[in-house]
Amino acid sequence: MSLAYQPVTIGRYQARNRLVMAPMTRNRAYGPGASPTDLMATYYAQRASAGLIITEGVQPSPIGQAFPNTPGLHSAEQVEAWRAVTAPVHERGGLIFAQLQHGGRIGHPSLYEDRLTPVGPSPVRAAGMTFTADGPQEFVTPSPLDQAGIRATISDFASAARNAIEAGFDGVEIHAANGYLLHQFLSTNANLRTDEWGGTAHGRIRFTVEVARAVAEAIGADRVGLRISPVIGYSDIREDDHRATYLALLDALNPLGLAYLHLAEGADTEFTESLRQRWHGTLILNPSTPGGHTGPEALKLIEAGLADLVSFGGLFLANPDLPERLRTGGLLNTPDQDRFYGGDHRGYTDYPTLAALGEE
């Protein structure tokens with residue numbers, strides 16, 4: 001049997017295969033107070049055959065919301081609603097982690113009560129536009145987090161992690177990638193601080209390390225993963241010394257004993273092997289696929305030892321039974337990109353399985 005379909009250890013858990021459902025924002029948290037819905041429960045349960053499901057980004061606090069209709073894990077109402085998501089995944093033998101994502105400067109005042117200003121490491125506005133309920137609008141200049149704000153944000157992550165476990169999640173993934181708050185601290189253009197939270201690579205990694213440490217202390221390091229995306233410039237992120245920064249980050253994280261590192265591979269694909277060698281634990285790789293989706297050929301990366309698991313985004317979105325399709329060489333559904341964000345069940349829970357097509 002291919003290594004991709006053999007069990008693998010992820011922290012305290014044993015995943016039944018090495019195919020991971022990558023975190024994907026879907027903007028369908030229409031429940032009260034930014035809560036998940038029954039439709040979201042169906043969506044995740046359909047994909048429970050993954051070795052690991054990592055949910056869409058979940059904000060750890062109200063000010064952490066980046067986009068409309070994304071779910072949170074900072075209220076009792078949200079915790080209760082997430083139980084209806086995790087339970088059917090577990091009933092089908094699945095493993096599910098919540099991705100904790102703070103939008104930082106990518107948020108917008110229209111998302112918050114009293115139209116608060118989003119926060120960031122420095123008062124540097126990201127170039128470009130964001131999507132709001134009122135249509136595209138320019139990013140705003142964030143309020144820089146002071147020492148008390150940084151400590152409160154770290155505490156918010158730890159609290160959200162505890163809420164995740166209470167809601168039935170097996171663990172959490174800390175999102176330090178793709179232009180959101182932790183990535184903003186890691187960057188050289190969003191983080192212009194000269195105190196201990198910036199200035200040098202060791203200063204810029206500190207916030208991510210402190211968040212990881214606090215979350216690990218809250219729920220156990222073997223329930224915590226972390227996602228990074230070196231030189232992926234989403235939302236106007238620049239990293240002038242990414243190799244030094246990320247090697248220092250891994251050196252600081254290794255002693256914590258996290259469940260895994262999730263690498264979203266950027267243009268510097270040669271750096272992936274260095275990160276693989278530097279990281280002491282389980283590595284999930286979302287390989288670089290410019291202009292396309294991670295496909296079946298990515299499983300060769302597991303066989304080659306470049307990763308322990310591979311995460312799939314668009315293909316898992318469109319193929320709820322993706323492990324079976326890849327194992328048998330079944331026909332793959334094509335993702336409907338027009339229905340990625342927001343909407344109803346169409347392009348969400350209506351993708352047919354092989355069984356429904358009579359192709360088992």
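**Briefing: cores, barrel and main pocket of a predicted model**

The largest nonpolar core holds 85 residues, and those with the most contacts inside it are Leu-73, Ile-174, Phe-207, Val-215, Leu-226, Leu-258 and Phe-312. Helix α6 (residues 206–219) supplies the largest share of this core, eight residues. A nonpolar core here is a set of buried Ala, Val, Leu, Ile, Met, Phe, Trp, Tyr and Cys residues joined through side-chain atoms within 4.5 Å. The model is predicted: local features need pLDDT of at least 70, side-chain atom pairs count only at pLDDT 80 or more, and totals for chains, interfaces and linings use all residues. Residues are numbered from 1 along each chain as its sequence is written, and side-chain values use heavy atoms, with hydrogens and water left out.

- A second, separate core has 13 residues, including Ile-10, Ala-15, Ile-54 and Ala-259.
- Ile-174, in the largest core, touches Leu-100, Phe-157, Leu-182, Val-211, Ala-212, Val-215, Val-224, Gly-225, Leu-226 and Arg-227, with residues up to four places away in sequence not counted; contact means heavy atoms within 4.5 Å.
- In helix α1 (residues 38–46), the residues Met-40, Ala-41, Tyr-43, Tyr-44 and Ala-45 are buried (buried is under 20% relative accessible area, exposed over 50%, partly exposed in between, with a 1.4 Å probe and protein chains only).
- The cover over the buried residues of α1 includes β3, β4, α2 (76–91) and β5 (96–100).

**Barrel and strands**

- Eight strands close into a barrel with parallel pairing, in the order β3-β4-β5-β10-β11-β12-β13-β14; strands (E, at least two residues) and helices (H or I, at least four) are DSSP runs, numbered from the N terminus.
- Neighbouring strands of this sheet are turned by 25° against each other on average, direction ignored; axes are lines fitted to C-alpha atoms, for helices over the stretch in contact, and angles run from 0 to 180 degrees between N-to-C directions.
- Strands β3 (residues 19–21) and β4 (residues 52–58) pair in the parallel sense over two bridges, and Met-21 stands opposite Ile-53 in β4. Strands count as paired if DSSP finds at least two bridges between them.
- Strand β7 (residues 129–132) pairs with β8 (residues 135–138) in the antiparallel sense over four bridges, and the two form a hairpin with two residues between them.

**Largest pocket**

- The largest pocket contains about 1,400 Å³ of space.
- Its lining has 43 residues, of which Pro-23, Met-24, Asn-178, Tyr-234 and Tyr-341 lie nearest its centre.
- β4, β7 and α10 (314–318) each supply at least two lining residues; β7 gives the most, with three.

**Single residues**

- His-183 sits in helix α4 (residues 181–186) and counts as buried because its relative accessibility is 0%.
- Beyond its neighbours within four places in sequence, His-183 is in contact with Ala-176, Ala-177, Asn-178, Ser-229, Ile-232, Ile-237, Glu-239 and Tyr-246.
- Most residues other than glycine have a negative phi.
- Asn-27, in the loop between β3 and α1, has a positive phi of about 55° although it is not a glycine. At 10% relative accessibility, Asn-27 counts as buried.
- Val-231, in the loop between β11 (224–228) and α7 (242–253), has a positive phi near 55°. Val-231 counts as partly exposed, at 29% relative accessibility.

Note on methods:
1 Å grid on protein atoms, 1.4 Å probe; cavity = no way out; pocket = protein on both sides within 12 Å on 5 of 7 lines; lining within 4 Å. Points joined across faces, edges and corners; volume = space filled by probe spheres on them.
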